[in-house]
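This report covers salt bridges, a ligand site and a surface patch. The sequence and structure come first.

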Amino acid sequence: MNTYRIATIPGDGIGKEVVPAGKEVLEALARTSNSFKFEFENFDWGADYYREHGVMMPTDGLDAIRNKDAILFGSAGDPDVPDHVTLWGLRLKICQGFDQYANVRPTRILPGIDAPLKRCTPEDLNWVIVRENSEGEYSGVGGRVHQGHPIEAATDVSIMTRAGVERIMRFAFRLAQSRPRKLLTVITKSNAQRHAMVMWDEIALQISKEFPDVKWDKELVDASTARMINRPASLDTIVATNLHADILSDLAAALAGSLGIAPTGNIDPERRYPSMFEPIHGSAFDIMGKGLANPIGTFWSVVMLLEHLGEFEAAKRVMRAVETVTADPSLHTGDLGGKATTAQVTAAVCALVEKVPVAA
Ligand code: NAD
Ligand code: MN
């Protein structure tokens, strides 16, 4: 019997509602398996912890989760704490501390979901966005001087390194190669950003030679937003910088029906550290504490977590349960135009997961 050690970090806002829901699904799964189980440890880090201790997580917090097999994360963000404090103090601290340099964001239109692209079938929209997750525009390098004076100045310097770009390109080409269409689009902005993005393009070309069976093309980031809407089927795997992919993946989630559905994995492909899985949405201040959050993004993240652990059958079973539930409009939450609660959706997914026991 395999025991997987999972750290749960609900964080703030609806993270506190969807992460326990994700844990319930994993527990339901484990009840039907005689080949694996989970050992959960919960960490109450986030804005409440900050109000009490002045930091979002303990300074040696990474050591408490370093030996976990995976992390299930909710959201960092609170109405009363500045966003850069919550984000850098918790989520980015984990992503950077564990060098989770590949952020993977699949998008599909799930059954029963009314997506805004009316001319688009679910077959047309099946993307994975690979986001560079360790440097670029979010490297954290910069400064601010002369605060409050007319001569005040501030910089956020985008850092691109050859090592950083090579590894994310190699990851993206490999992922594209593993998908049926073997198609990769490299997002760039090398017309306007003439140093780092030109290196980005050159490295894409260099790495492409290692993957002769992958078809690839380049698209400027601004043009790619139009392409996502006008020609969704021309895209499959997409690789982009930290900022570009951040924006494109929210667009992708909305095109697939809701931010509440979209999952992500912050992956350390070398498996030196635990990888972290989370819905892409934030704390959703407008609905937090009401039991109305859509837990599907977290459940899909749980699917990615299971795949990362190598539990592919279990992952498929959770995904099938999710798709059965989304196909039923009476189980849609408010973001999808329905009236269902987090608890109802969770109970429905858990019941389906438990229905057919996994083979040993
Ligand atoms: P948000 O994702 O929290 O909310 C945007 C909109 O989508 C809101 O109307 C919200 O109700 C809705 N929504 C999001 N997830 C939903 C779900 N599961 N079910 C139903 N509706 C859902 O984004 P925001 O408003 O830009 O940010 C709020 C806070 O969250 C900020 O503090 C921000 O910094 C933080 N944030 C954190 C993360 C993270 O930790 N990964 C990501 C994004 C935003
Ligand atoms: Mn984002």
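## A buried arginine in a salt bridge

Arg 131 counts as buried, at 4% relative accessibility. The model is predicted. Arg 131 forms a salt bridge with Asp 246, and the closest N and O atoms are 3.6 Å apart. Arg 131 belongs to strand 5 (residues 126-132) and Asp 246 to helix 8 (residues 242-255), so the pair ties together parts 115 residues apart in sequence. Asp 246 is partly exposed, at 22% relative accessibility.

## Other salt bridges

The count of salt bridges comes to 24. Side chains of opposite charge can pair when their charged atoms come close.

Lys 68 and Glu 41 meet through their side chains in a salt bridge of 2.6 Å, N to O. This pair links distant parts of the chain: Lys 68 sits in the loop between helix 3 (61-65) and strand 3, and Glu 41 in strand 2 (residues 36-42), 27 residues apart. Lys 68 is buried, with a relative accessible area of 13%, whereas Glu 41 is partly exposed, with 37%.

A salt bridge also joins Asp 48 and Lys 16, with the closest N and O atoms 2.7 Å apart. Asp 48 is in helix 2 (residues 47-53) and Lys 16 in helix 1 (residues 15-31); the two are 32 residues apart, and the pair links distant parts of the chain. Asp 48 is partly exposed at 40% relative accessibility, and Lys 16 is partly exposed with a relative accessible area of 40%. Elsewhere, a network of salt bridges links Asp 99, Arg 167, Asp 268, Glu 270 and Arg 272.

Polar side-chain atoms of Asp 83 and Asp 286 lie close to oxygen atoms of ligand 1, at 2.6 Å for Asp 83 and 2.7 Å for Asp 286. For His 281, a polar side-chain atom lies 3.3 Å from a nitrogen atom of ligand 1. Ligand 1 taken alone exposes 800 Å², and the protein buries 72% of that.

## A nonpolar surface patch

Val 141, Val 157 and Ile 159 make a nonpolar surface patch of about 190 Å². Ile 159 is in strand 7 (residues 153-159) and is partly exposed, with a relative accessible area of 31%.

Methods. Residues numbered from 1 in each chain as written. Chains lettered and ligands numbered in written order. Predicted model: local features only at pLDDT ≥ 70, side-chain atom pairs only at ≥ 80, totals over all residues. Heavy atoms only, no water. Polar contact = N/O pair within 3.5 Å; in protein donor to acceptor, adjacent residues only side chain to side chain. Areas by Shrake-Rupley, 256 points an atom, 1.4 Å probe, with all protein chains shown as cover. Patch = residues over 30% accessible without salt bridge, like charges linked within 9 Å, V, L, I, M, F, W, Y side chains within 5 Å. Salt bridge = Lys/Arg side-chain N within 4 Å of Asp/Glu carboxyl O. Helix = DSSP H or I, 4+ residues; strand = E, 2+ residues; numbered from the N terminus. Buried < 20%, exposed > 50% of the residue type's maximum accessible area, 1.4 Å probe, protein only.
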